[in-house]
Amino acid sequence: MIECEQSARRPRRGKGNRPTTQIASELRVSEKSVRDWRRKWTAGGTDALASAGPGGSDCKLSVDQQKELAEVLDDGPVTQGWDDARWTLARVADVIERRFEVTYSLRGVSHLLHRMGYSLQVPTVGRSNAIRKRSPVGIAGGGRR
């Protein structure tokens, strides 16, 4: 908001003032953004430049449902009937649909989990570990070749 306010307060070109292109370059925004900010500021002042908040739709799950989902996720997928201890987006989507009767796309599940503070965690096997596991010497001796 500070950038758009500063931009809007700068007088327009043609009155001996800085051009839109220069302002856009300094603020690293498009010229269209500068023109839009000026137009809003002219029509409604500083209040017209206030943010409308984050974009996108509202979350399909309530705060309480998100807390419940977090508990389910923390308990692990084995408690939900899967054989291994890995949560996948598809599994989380399935739990959400069964438990809350709400459908999410896999991308939507990813965004939801990110908003809830969860992050992607991929099990890693170092190259040397992978080679050691395949190597007969590595398997027998447990060390490097």
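1. Arg91 touches Pro77, Trp82, Asp84 and Arg86, leaving out residues up to four places away in sequence; contact here means heavy atoms within 4.5 Å. Arg91 lies in helix α5, where helices (H or I, at least four residues) and strands (E, at least two) are DSSP runs numbered from the N terminus. With a relative accessibility of 15%, Arg91 counts as buried. The classes are buried under 20% relative accessible area, exposed over 50% and partly exposed in between, with a 1.4 Å probe and protein chains only.

2. On the basis of the values: this is a predicted model, in which local features need pLDDT of at least 70 and side-chain atom pairs count only at pLDDT 80 or more, while totals for chains, interfaces and linings use all residues. Residues are numbered from 1 along each chain as its sequence is written, and side-chain values use heavy atoms, with hydrogens and water left out.

3. As to the overall make-up, the chain has 8 helices and 0 strands. Of its 145 residues, 24% count as buried. Among contacts between residues at least 6 apart in sequence, 40% join residues at least 24 apart.

4. How do α5 and α6 pack? Their axes are 9 Å apart and meet at an angle of about 85°, which makes α5 roughly perpendicular to α6. The contact is made by Leu89, Ala90, Val92, Ala93 and Ile96 of α5, together with Leu106, Val109, Ser110, Leu112 and Leu113 of α6. By class, this contact has 9 nonpolar residues, 1 polar residue and no charged residues. Axes are lines fitted to C-alpha atoms, for helices over the stretch in contact, and angles run from 0 to 180 degrees between N-to-C directions. Angles under 35 degrees count as roughly parallel, over 145 as roughly antiparallel, 65 to 115 as roughly perpendicular and the rest as oblique. Ala, Val, Leu, Ile, Met, Phe, Trp, Tyr, Cys and Pro count as nonpolar, Asp, Glu, Lys and Arg as charged, and the others, Gly among them, as polar.

5. The largest nonpolar core has 14 residues, and those with the most contacts inside it are Leu61, Leu69, Ile96, Tyr104 and Val109. A nonpolar core is a set of buried Ala, Val, Leu, Ile, Met, Phe, Trp, Tyr and Cys residues joined through side-chain atoms within 4.5 Å. The elements giving two or more residues to this core are α4, α5 and α6, and α5 gives the most, with 5 residues. Val109 is in contact with Leu89, Val92, Ala93, Ile96 and Tyr104, leaving aside neighbours within four places in sequence. Apart from this core lies another, of 6 residues, among them Ile23, Leu27, Trp37 and Leu49.

6. The count comes to 8 salt bridges, each being a side-chain nitrogen of Lys or Arg within 4 Å of a carboxyl oxygen of Asp or Glu. One of them pairs Arg99 with Glu68 at 2.7 Å, N to O. This pair links distant parts of the chain, with Arg99 in helix α5 and Glu68 in helix α4 (residues 63-75), 31 residues apart. Arg99 is partly exposed at 41% relative accessibility, and Glu68 is partly exposed at 31%.

7. Glu31 forms one with Arg35, the closest N and O atoms being 3.9 Å apart; both residues lie in α3, 4 residues apart, about one turn of the helix. Glu31 is partly exposed at 36%, as is Arg35 at 40%. The side chains of Asp36 and Arg39 meet in a salt bridge at 2.9 Å, N to O. Because Asp36 and Arg39 are 3 residues apart in α3, about one helical turn separates them. Arg39 is exposed, with a relative accessible area of 52%. Salt bridges that share partners join Lys32, Asp36 and Arg39 into one network.

8. Glu101 has a positive phi of about 55°; it lies in the loop between α5 (89-100) and α6 (106-115) and counts as exposed at 73% relative accessibility.
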